[in-house]
Amino acid sequence: MFRGILFAFIGGACITLQGVANSRISHDIGTWQAATVTQFTGFIMALLIYLFVRDGDLGGFRKVKPLYLAGGAFGAVIIYTEVTAIQTIGVTFTISALLIAQLCVTFMIDAFGWFGRTKSKMGAPQLIGLVMMIGGVLIMKL
Amino acid sequence: MALGLLLAAFAGAMVALQTIFNNRTDVHMGSWATTTWVLGMGFLASLVCSLIFEGGRTFNLQHMQPWYWFSGLIGVGVVICLVLGVKILGPTFSVSITLTAQLGFALLFDSMGWLGLEKVPMNWKQLAGVAVIIGGIYVFKFGGKKKQEEVQQPSSALKKSLQQ
């Protein structure tokens with residue numbers, strides 16, 4: 001249990017660190033270049049780990065819808081927009097707005113059952129949660 | 001300010017879509033093959049954008065510091081931590097903690113001005129704002145959903161091996 005909390009926590013810290021590091025690297029070599037370099041090294045590392053653990057099948061991509069396979073390409077735009085946001089409004093505002101939009105979209109997808117997701121009950125608590133998050137950003141902007 | 005918020009929100013929407021698409025891929029390929037695939041696609045897309053928007057400057061990397069080459073490993077660390085977190089705690093609890101840590105560290109980075117960030121001294125407005133946002137996350141994640149959700153999101157390899 002404690003280990004799980006630790007992993008989840010470090011994972012979150014690393015997501016933010018990644019954004020900040022990308023922003024730092026972009027400053028020196030350009031944003032698209034930074035996105036290219038960091039995802040290239042990440043790709044090589046993930047490939048090595050995959051070859052080592054063999055927990056699945058890379059060939060399984062034939063069974064996946066092309067739309068879903070293309071999801072990885074979003075990484076380019078995600079890094080570009082996140083870095084630009086961090087450089088304009090700082091990390092706290094960037095991560096806050098990013099998370100709100102992320103949960104809003106997840107909320108909609110799950111509520112309507114898009115992309116083959118089982119429609120799950122999304123109700124008042126989720127809406128209240130989102131309103132609270134937006135309220136938090138407004139407080140920061142006071 | 002508005003433009004920055006809009007860009008960040010756009011990134012967040014894409015993250016949400018990507019997460020769901022990756023889950024779909026994960027079912028057929030397992031988590032490391034998926035991670036490899038996703039980063040490979042991201043790399044190709046970034047390279048293409050870089051060639052379109054920066055042209056020859058794409059390969060002009062003389063300002064690279066050695067650690068830049070290793071920053072991509074952070075992303076791999078993220079995958080390991082998130083997969084293990086979800087495996088041990090289930091998605092609802094695990095994701096809530098991850099989001100909390102994301103925000104907490106964002107505040108810390110801004111207030112310390114680490115890695116060349118413009119230093120934004122921490123003040124009560126930011127602290128209160130972040131606290132309310134985190135409260136919102138927990139209401140969103142735990143509100144009226146209980147256990148039923150945990151069965152829905154497959155945790156890839158583990159679940160696959162259980163089914164076989």
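Q: What makes a residue count as buried or exposed?

A: Good place to begin! A residue is buried if 20 or more other C-beta atoms lie within 10 Å of its own, exposed if 12 or fewer, and partly exposed in between, with C-beta atoms placed from the backbone. The structure here is a predicted model, where local features need pLDDT of at least 70 and side-chain atom pairs count only at pLDDT 80 or more, while totals for chains, interfaces and linings use all residues. Residues are numbered from 1 along each chain as its sequence is written, and chains are lettered from A, with ligands numbered from 1, in the order in which they are written.

Q: Why is B:Ser50 called buried?

A: B:Ser50 is buried because 23 other C-beta atoms lie within 10 Å. The residue belongs to helix α2 (residues 31–54) of chain B; helices (H or I, at least four residues) and strands (E, at least two) are DSSP runs, numbered from the N terminus. In chain B as a whole, 49% of the 164 residues are buried.

Q: Which residues does B:Ser50 touch?

A: Two residues are in contact if their C-beta atoms, placed from the backbone, lie within 7 Å. Setting aside residues up to four places away in sequence, B:Ser50 touches A:Trp32, A:Gln33, A:Thr36 and B:Thr58.

Q: How many residues does each chain give to the contact?

A: Chain A and chain B give 101 residues each. On the side of chain A that touches chain B, α1(A) supplies the largest share, 22 residues. That side divides into 59 nonpolar, 34 polar and eight charged residues. Here Ala, Val, Leu, Ile, Met, Phe, Trp, Tyr, Cys and Pro count as nonpolar, Asp, Glu, Lys and Arg as charged, and the others, Gly among them, as polar.

Q: What is a nonpolar core, and which residues have the most contacts inside the largest one?

A: A nonpolar core is a set of buried Ala, Val, Leu, Ile, Met, Phe, Trp, Tyr and Cys residues joined through C-beta atoms within 7 Å. The largest has 94 residues, and A:Ala97, A:Leu98, B:Ala9 and B:Ala11 have the most contacts inside it. Helix α1 (residues 2–29) of chain B gives the largest share of this core, 14 residues. Beyond its neighbours within four places in sequence, B:Ala11 is in contact with A:Ile78, A:Thr81, A:Glu82, A:Ala85 and A:Leu98.
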